[in-house]
Structure formats: structure tokens, C-alpha cells
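Reader: I would like to learn how to read the features of a fold. Could you take me through them one by one, with the general idea and then the case here?

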Amino acid sequence: YTDAGPIPGAVEAIAELRRRHVSFRFVTNTTRRSRRGLVERLWGYGFEVDPAEVFTSVMAGVRLLRERGIVRVAPFVARDTLEDLSAFELLGGTSAAPAAAAAPPAAVVIGDLGDQWTPALLNQAFRCVLDGALLIALQKDRYWLGRTGLELDAGPYVAAIEYATGRASVVCGKPSAGFYLGALADLGVTTPGAAAMVGDDLWADVGGAQHAGLRGWLVRTGKFREDVLAQSGVKPDRILDSVVGLVRAA
């Protein structure tokens with residue numbers, strides 16, 4: 001789907017995959033909604049989906065924070081997404097709690113804030129990282145397709161903090177190989193080459209999947225642009241007009 005609604009035929013295509021007993025997960029870099037919110041949106045569009053079938057970059061970020069024993073987090077994510085970070089002590093950022101100098105955050109977590117980004121928020125994230133907080137990018141996508149056209153995603157803001165501090169971020173979502181391998185483990189798939197990632201992002205979906213050992217299939221919907229494909233240097237294993245092609249070609 002896009003912000004305009006479901007891709008024509010997508011609801012029926014997913015239902016057909018279920019009928020054929022094809023295993024899949026809905027994997028997403030979207031950080032503007034919690035997993036609960038994403039599931040509710042899919043339900044609203046008519047998709048049959050269980051919450052366990054949705055694998056998000058926020059979930060991957062939570063796993064990373066836990067693995068590193070981090071408790072105090074400065075979240076720069078949409079307020080709807082804060083519920084997925086409720087296991088941590090949230091300080092500053094878009095949380096309701098002010099940052100405390102005596103107990104600074106151990107990590108800065110950045111997602112897509114869209115037009116909620118302000119110079120003050122960027123400066124706060126910059127200062128936290130400069131003072132030693134780990135910079136965690138839930139995703140680093142360049143742009144996405146909004147209601148009015150292509151819009152900057154989280155990647156440019158993460159890059160700004162990296163440039164200003166001289167410190168690299170840890171990316172949790174696509175195109176991180178760990179994200180894909182986590183989704184495959186959730187499916188019980190141990191051979192990446194047996195799976196394909198289907199998406200509209202050349203770098204995060206196609207290139208990232210290929211780097212992790214999966215096949216990368218590109219769809220000509222969403223933010224797809226023919227000129228970007230021609231100039232990208234990324235070579236999809238397959239190109240479909242839309243996700244409907246998954247069942248039409250089978």
C-alpha cells in the first residue's frame with residue numbers, strides 16, 4: 001500500500017499466497033506507526049494479517065538495545081511509535097520526559113519524523129551523540145512516497161547527525177543484513193537464497209536483500225522511478241509491475 005491506499009489487487013494477491021501456503025512476512029522500515037497501528041491499518045485496507053506476521057525496524061531496534069544492555073534512550077520517533085519503546089526509560093526527544101544531565105541517555109534512536117523535525121530536535125540529538133550516546137538509526141531510507149509526492153525519509157537526518165558528530169550510526173532496519181536474517185529466522189528459513197524480498201526501494205529492499213543473500217524483486221509501484229533504476233547500479237533479480245505479479249506469474 002501507499003498513503004493513497006492499497007495497491008490495486010494487493011489484498012487478493014496476499015489472500016492467494018495464503019491459499020497456496022506460501023510463507024511470508026510483512027517487513028517494513030516504517031517508523032511513523034507502532035506495530036499495532038500498522039496492523040490496524042492493514043486490517044482497514046482489507047488485508048488478513050496477524051500481528052506476528054509484521055516485522056518492523058522498530059522491533060529490530062528494540063532487540064539491539066536489549067542486546068547492548070541499554071536502558072536510557074532518547075527517542076526521535078513519532079509519538080505513535082513510542083509504545084513500541086515502552087520497555088525503556090525514555091528521556092528527551094519526542095518523549096514527554098525531559099532529558100536529565102545527571103542521567104544522560106545511552107542511545108539516540110532516530111526514525112522518520114517528517115515535518116515534525118525541528119532545528120531544536122536535531123540539535124538535541126546532535127548534542128546527545130556528541131556527548132557519547134550511541135546513534136541508532138531505525139532505518140536510513142532516502143525518501144518515501146507521501147500524499148503530495150516524494151518526501152525526505154529518516155536517512156538524510158541521520159546523515160546530518162553523522163556528519164556533524166563524525167560518528168557512524170548503527171542501522172537496524174533495511175538494508176541491514178541483520179534485519180533480513182531476523183525476519184527469515186522468524187519464518188524458520190535458514191537458507192536466505194530460498195527467499196525473495198519484494199519492494200519498491202532499490203537500496204533498502206532490493207540491494208539490501210541481495211547483500212543478505214536473498215533475492216531482490218522490485219515492483220513498479222510506490223516510489224519506483226524508471227530513471228532512478230537506470231542510474232542506480234542496482235540490478236533486481238526480477239521486476240514486477242506490482243505485488244500482484246507474484247501470483248499471476250506463478
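**Sheets, spaces and backbone**

Author: Let's start with a strand pair: β10 and strand β11 (residues 215-219) pair in the parallel sense over four bridges. Two strands pair if DSSP finds at least two bridges between them, and helices (H or I, at least four residues) and strands (E, at least two) are DSSP runs, numbered from the N terminus. Within this pair, Gly199 stands opposite Leu218 in β11. As for sources, this is a predicted model, in which local features need pLDDT of at least 70, side-chain atom pairs count only at pLDDT 80 or more, and totals for chains, interfaces and linings use all residues. Residues are numbered from 1 along each chain as its sequence is written, while side-chain values use heavy atoms, with hydrogens and water left out.

Reader: Which helix packs on the sheet, touching β10 and β11?

Author: Helix α7 (residues 202-211) does, and its direction makes about 160° with that of β11. Contact means heavy atoms within 4.5 Å; axes are lines fitted to C-alpha atoms, for helices over the stretch in contact, and angles run from 0 to 180 degrees between N-to-C directions.

Reader: What is the strand order in the open sheet of three strands?

Author: The order is β10-β11-β12, with parallel pairing. β10 (196-199) and β12 (238-240) are the edge strands, each pairing on one side only.

Reader: And in what order do the five strands of the other open sheet run?

Author: They follow β4-β3-β5-β6-β9, again with parallel pairing. β4 (89-90) and β9 (170-171) stand at the edges with a single partner strand each, so one side of each is left without a neighbour in the sheet. Helix α5 (residues 155-165) packs on this sheet and touches β5 and β6.

Reader: Which residues of α5 are buried?

Author: Buried means under 20% relative accessible area, exposed over 50%, and partly exposed in between (1.4 Å probe, protein chains only). In α5, the buried residues are Gly155, Tyr157, Val158, Ile161, Glu162 and Thr165. They pack against β5, α4 (119-130), β6 and β8 (149-152). After α5 comes Gly166, with a positive phi near 75°.

Reader: How should I look for empty space?

Author: Rolling a probe the size of a water molecule over the atoms shows where empty space is left. On a 1 Å grid over the protein atoms alone, a cavity is a set of points where a 1.4 Å probe fits but cannot get out, and a pocket is an open set with protein on both sides within 12 Å along at least five of seven lines; lining residues have an atom within 4 Å of a point. Grid points are joined across faces, edges and corners, and a volume is the space filled by probe spheres set on the points. The structure holds one cavity of 30 Å³ or more, and the largest cavity has about 90 Å³ of space. Its lining includes Arg142, Asp200, Trp203 and Phe224.

Reader: What volume does the second largest pocket have?

Author: About 180 Å³, with Pro104, Arg127 and Asp131 among the residues that line this pocket.

Reader: Which backbone angles deserve a look?

Author: Most residues other than glycine have a negative phi, and most peptide bonds are trans. His21 has a positive phi of about 60° although it is not a glycine, and this residue lies in the loop between α1 (10-19) and β1 (26-28). The peptide bond from Lys174 to Pro175 is cis, with omega near 10°. Pro175 is found in the loop between β9 and α6 (177-187).
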